[in-house]
Amino acid sequence: MSKSILNVDWGHQPENAIRQFVKEKLELIMKKKIQSFLEMEQRETSNRRNSYYH
């Protein structure tokens, strides 16, 4: 169900924005850490992950 501008819960708007911002930044940090590990620390082996989920 979509919310119209009249039905938006403005009290939780900043909390939701901060939560989404932190989530995106943590996911980016984890993705970069995995890439770094696979590229730098495992040069002598083939670098593969078992799977990837969005």
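Start by selecting glutamate 27 and lysine 23: both sit in helix α1, four residues apart, or about one turn of the helix. A helix here is a DSSP run of H or I with at least four residues (strands are E runs of at least two), numbered from the N terminus. You're looking at a predicted model, where local features need pLDDT of at least 70, side-chain atom pairs count only at pLDDT 80 or more, and totals for chains, interfaces and linings use all residues. Residues are numbered from 1 along each chain as its sequence is written, and side-chain values use heavy atoms, with hydrogens and water left out.

Now show the side chains of that pair. Glutamate 27 and lysine 23 meet in a salt bridge at 3.2 Å, N to O; the term means a side-chain nitrogen of Lys or Arg within 4 Å of a carboxyl oxygen of Asp or Glu. Glutamate 27 is partly exposed at 39% relative accessibility, and lysine 23 is partly exposed at 42%. The cut-offs are: buried under 20% relative accessible area, exposed over 50%, partly exposed in between (1.4 Å probe, protein chains only).

How many salt bridges does a search of the whole structure find? Two. For another one, select glutamate 15 and arginine 19, whose side chains meet at 2.9 Å, N to O. They are four residues apart in helix α1, so about one helical turn separates them. Glutamate 15 is partly exposed at 39%, while arginine 19 is exposed at 54%.

Last stop: pick isoleucine 18, also in helix α1 (residues 13-41). Isoleucine 18 is exposed, with a relative accessible area of 53%.
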